[in-house]
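Hi,

Here is the structure I promised to send over.

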Amino acid sequence: LLLHAGALERDGFALLLPAMPGSGKSTLTAALSQRGWRLLSDEFGVFDPTANAFMAMLKPVALKNHSIEVIRAFAPESVFGPEFPKTRKGRVAHLAPAANAVQRRHEGARPGAVVLPKWQAGSPTRWESLPEDVLFPTLAFNSFNYDVLGLHGFGAAIDLVRSCPAWQLVYSDLDDALATIDAHWPSVLAHHAN
């Protein structure tokens with residue numbers, strides 16, 4: 001199942017960030033990848049239901065417009081490729097994955113949690129639990145091949161919904177968003193330990 005989502009790994013578990021363009025998904029994915037999370041992809045959550053694992057589809061993180069400066073300021077040591085000023089999405093630059101993500105690109109990660117990010121200017125950070133009946137259509141809608149996979153796509157999405165705790169994260173402050181995710185990650189590990 002190929003989901004339109006950022007995907008990262010920590011402690012052997014995947015954090016999936018499905019969202020529409022403009023939600024801050026790639027910016028949040030890039031920031032997490034610079035703070036101890038292993039990048040799997042900024043764009044494609046590749047779930048193999050047979051292996052019960054997310055696989056890496058590693059490529060540079062595509063950042064647009066103001067997000068470029070945000071990540072440069074957030075992680076000054078990060079490595080960017082050239083900037084392209086006049087694309088159909090505006091100004092674009094690509095952030096190189098960390099060496100550890102490249103070295104471990106063949107390692108999968110078990111499903112861990114789903115966080116739906118939404119950047120909102122000036123908003124305080126809000127973290128709200130997502131019920132299964134909201135998560136399922138979100139995953140199905142944000143999939144590139146759900147319809148093509150038919151029953152297998154449905155089964156894969158249901159497996160993720162039933163196994164992963166899920167939240168909506170509304171944020172404007174990147175550091176606060178990361179701190180919120182980090183604070184809740186132990187509960188994800190505890191969930192999967194039971």
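Predicted model: local features only at pLDDT ≥ 70, side-chain atom pairs only at ≥ 80, totals over all residues.

Below is what I found in it, taken one region at a time.

**Helix α2**

Let's begin with α2, which covers residues 66–74. Which of its residues are buried? They are Ser 67, Ile 68, Ile 71 and Phe 74. Looking down the axis of α2, you'll find these buried residues within an arc of 135°, so they line one face of the helix. The face turned away from that buried side carries His 66 and Ala 73, which are exposed.

What do the buried residues of α2 pack against? Their partners are α1 (25–33), β6 (61–64), β8 (90–95) and α7 (174–193).

Glu 69 pairs with Arg 91, and their closest N and O atoms are 2.9 Å apart. This pair ties together distant parts of the chain, with Glu 69 in helix α2 and Arg 91 in strand β8, 22 residues apart. Both ends are partly exposed: Glu 69 has a relative accessibility of 35%, and Arg 91 comes in at 23%.

**The largest pocket**

Next, the pockets. The largest pocket has a volume of about 600 Å³. Its lining is made up of 23 residues, and the ones nearest its centre are Gly 22, Gly 24, Thr 27, Lys 64 and Ser 67. Which elements give two or more residues to the lining of the largest pocket? Those are α1, β6 and α2.

**Other salt bridges**

The count of salt bridges comes to 10.

- Asp 42 bridges to Lys 59, with the closest N and O atoms 2.8 Å apart. The two sit in distant parts of the chain, 17 residues apart: Asp 42 is in the loop between β3 (38–41) and β4 (44–48), and Lys 59 is in the loop between β5 (53–55) and β6. Asp 42 is buried, at a relative accessible area of 0%, whereas Lys 59 is partly exposed at 26%.
- Glu 128 bridges to Arg 126, where the closest N and O atoms are 3.6 Å apart. Glu 128 is partly exposed at 40% relative accessibility, and Arg 126 is partly exposed too, at 34%.
- Glu 9, Arg 38, Arg 104 and Glu 107 are joined in a network of salt bridges.

**Arg 104**

Where does Arg 104 lie? You'll find Arg 104 in the loop between α3 (99–103) and β9 (110–119). Is Arg 104 buried, exposed or partly exposed? Its relative accessible area is 26%, so Arg 104 is partly exposed.

If you set aside the neighbours within four places in sequence, Arg 104 is in contact with Glu 9 and Arg 38, and both of those belong to the salt-bridge network as well. One more distance to check while you are there: the C-alpha atoms of Arg 104 and Leu 40 are separated by 9.3 Å, although these residues are 64 apart along the chain.

Cheers

Key
Residues numbered from 1 in each chain as written. Heavy atoms only, no water. Buried < 20%, exposed > 50% of the residue type's maximum accessible area, 1.4 Å probe, protein only. Helix = DSSP H or I, 4+ residues; strand = E, 2+ residues; numbered from the N terminus. Arc of directions from axis to C-beta. Contact = heavy atoms within 4.5 Å. 1 Å grid on protein atoms, 1.4 Å probe; cavity = no way out; pocket = protein on both sides within 12 Å on 5 of 7 lines; lining within 4 Å. Points joined across faces, edges and corners; volume = space filled by probe spheres on them. Salt bridge = Lys/Arg side-chain N within 4 Å of Asp/Glu carboxyl O.
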